[in-house]
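Please look at the structure first, then read the notes.

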Amino acid sequence: MTTYTLPNKKGHFGMFGGRFVPETLMKAVLELEQAYDNAKKDASFQAEIDRLLKEYVGRETPLYFAENLSRHAGGANIYLKREDLNHTGAHKINNAIGQALLAVRMGKKKIVAETGAGQHGVATATVCALLNLDCIIFMGEEDIKRQALNVFRMELLGAKVVSVTAGSATLKDAVNEALRYWVANVDDTHYLLGSVMGPHPFPTIVRDFQSVIGKETKEQFQLRNSSLPDAVVACIGGGSNAMGMFYPFIEDEEVSLYGVEAAGQGVDTDYHAASLTKGKPGVLHGALMYLLQNDDGQIQEAHSISAGLDYPGVGPEHSHLKEVGRAKYFSITDEEALDSFQLLSRLEGIIPALESAHAIAYAVKLASEMKYSENIVVCLSGRGDKDVDAVKARLKGGEGK
Amino acid sequence: MNRLEQSFKLLNENNAKAFVPYMMAGDGGLACLVERLVLLEKFGAAAIEVGVPFSDPVADGPTIQSAGIRALENRTTLKGIITELAKAREVVTIPIILMTYLNPIYAYGIDDFARDIQIAGVDGCIIPDLPLEEEDIIAPQLADAQVELIRLVTPATPLERIKEIAGRGKGFLYAVTVKGITGTRNLFDNDLNEFLKAVKMLSPIPVLAGFGISNEDQIKELTKNCDGVVVGSKIVELFEKDKLFEMEKLMSVFKQEAKIV
């Protein structure tokens with residue numbers, strides 16, 4: 001077993017990561033690193049997170065053996081880590097709670113965040129309501145249209161949602177605008193970044209707060225089977241639920257780690273979000289990571305039926321895990337995800353988020369190639385209520401053709 | 001002594017301040033780049049910052065963002081810009097400084113970039129998303145190519161850090177005047193003069209103020225405590241609206257001052 005200690009002091013995961021931000025943000029980024037290092041050593045900080053995760057979020061989430069889905073796949077046993085059962089319906093709240101408590105600890109009263117599908121925005125607005133923090137959320141105009149209900153939810157929770165019309169008007173542009181806002185309001189504002197991306201220490205902070213997923217999974221699986229799973233599977237946009245699931249297993253080399261990107265209409269078309277499969281290393285939003293870009297280094301738009309995977313980059317730690325081969329990354333198309341969305345609903349009575357449906361689709365393929373005695377855990381990162389309108393429109397539209 | 005050092009030495013000997021305009025390469029088409037550089041030199045620029053368009057310019061406000069989008073719509077590439085700058089070097093005598101986010105350089109190849117801009121006669125390079133902590137990724141290659149890496153300090157930079165950053169450079173130090181992004185502003189923080197005084201005191205190299213500077217009054221006020229100004233969004237706007245007379249007037253701010261004296 002090798003000991004895994006990344007990132008290094010500069011926030012690098014191998015060649016990836018780092019702090020590629022304007023000088024205006026360096027003080028804030030360095031302060032955040034310091035504050036987080038101190039908080040980690042403070043038992044009362046961790047105790048407060050644990051209390052809120054238990055009493056407010058509803059952790060621990062169950063590890064569920066999906067017998068019907070396993071039988072359908074015809075191979076390995078498939079378990080689901082039920083992050084969809086968290087308060088607000090996804091894993092995003094794990095990180096939002098941790099970072100908001102960190103902001104309070106740093107004396108910051110205002111929170112800015114970006115959101116794609118709206119799940120991180122809702123989680124952030126929720127925690128800000130709980131902790132009485134001002135909350136401003138940047139969201140692409142396209143996503144606001146796609147996820148109108150989540151916009152209303154955020155407003156109901158007291159957040160101000162700002163529409164971003166620049167660029168492709170999706171998650172990437174919302175991050176740009178949130179960063180610009182942070183540059184101008186850095187004294188009293190914490191940027192509550194929602195994924196394992198951005199400048200150091202964000203990828204580490206988000207990973208650590210999300211690693212409750214993998215930690216619980218490991219304990220629950222061991223309690224039940226007195227062993228470790230053979231594989232874990234998670235979907236990847238920026239990569240936070242996957243990193244939270246993978247991290248506690250990184251040193252257990254007998255556990256295979258599989259990340260599932262969005263192939264959109266196919267990785268050989270211009271309409272996908274498969275940064276690790278089709279991208280090249282580059283620098284965006286503060287980190288060196290795999291990016292969808294053209295030959296001139298201009299960032300390309302990502303495409304996926306799932307707004308949460310619609311991002312042209314992928315966290316630096318995933319970029320590193322791909323580079324060293326510790327994790328393997330595959331992609332699933334819109335069509336395959338839609339099929340799995342319906343499959344899981346029918347077989348298990350669980351409507352998954354479209355993001356998570358990508359992980360389900362890959363897990364079913366993988367299970368069919370594995371032995372009956374082997375076990376896979378899939379991170380079911382969120383519930384699908386937010387997607388039923390979009391899926392309905394797509395399926396009914398399909399029937400009309 | 002390189003072109004940048006010579007320019008500042010000359011300004012210093014004449015007790016003059018530097019007006020450094022910023023323009024977005026490819027805004028209006030790459031074909032007019034050389035012509036515009038010649039014009040800016042004629043209007044009295046001490047040096048020129050040439051912006052490279054990027055899809056995700058997080059340090060820039062709406063004016064420069066829009067100019068970048070227009071430039072990208074004109075299919076402007078870093079390679080194309082470097083080719084034009086090589087042509088410009090035959091007719092432009094003042095220093096040329098390339099301002100680009102890191103990713104276009106990374107995609108170009110850092111070694112190739114350093115070599116090619118040296119051949120094209122570029123004197124300096126400003127990379128707004130490259131703080132001190134990460135500059136090893138390119139600083140050695142730029143040093144080998146004798147291209148100055150121009151570093152930035154901001155009102156959010158602690159004094160110790162200002163000292164460290166200032167001590168590394170040779171060309172000039174870029175003092176960002178606001179905690180914020182580029183773009184014209186009417187008001188500045190009251191502490192700005194104090195900030196510039198502190199930077200000037202800590203910096204062994206010339207200090208130029210930039211971000212949000214758009215009129216003569218601001219320029220006169222700011223240059224009491226530094227060696228010159230960088231004017232970006234305003235110049236970009238005047239090029240776009242084709243208000244060249246107004247540009248010439250703005251850029252002659254230091255000449256007018258000299259006449260009054």
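Leaving aside neighbours within four places in sequence, A:Asn176 is in contact (heavy atoms within 4.5 Å) with A:His285, B:Asp56 and B:Val58. This is a predicted model, in which local features need pLDDT of at least 70 and side-chain atom pairs count only at pLDDT 80 or more, while totals for chains, interfaces and linings use all residues. Residues are numbered from 1 along each chain as its sequence is written, chains are lettered from A and ligands numbered from 1 in the order in which they are written, and side-chain values use heavy atoms, with hydrogens and water left out.

**The residue A:Asn176**

- A:Asn176 lies in helix α8 of chain A, residues 171–184. Helices (H or I, at least four residues) and strands (E, at least two) are DSSP runs, numbered from the N terminus.
- A:Asn176 is buried, with a relative accessible area of 4%; buried means under 20% (1.4 Å probe, protein chains only).

**The sheet in chain A**

- Six strands of chain A form an open sheet with mixed pairing, in the order β3-β4-β14-β9-β10-β13. Two strands pair if DSSP finds at least two bridges between them.
- The edge strands, each pairing on one side only, are β3 (63–65) and β13 (327–333) of chain A.
- Strands β9 (residues 231–235) and β10 (residues 256–264) of chain A run parallel and are joined by five bridges.
- A:Cys235 has A:Val260 in β10(A) as its bridge partner.

Terms used. Buried means under 20% relative accessible area, exposed over 50%, partly exposed in between (1.4 Å probe, protein chains only).
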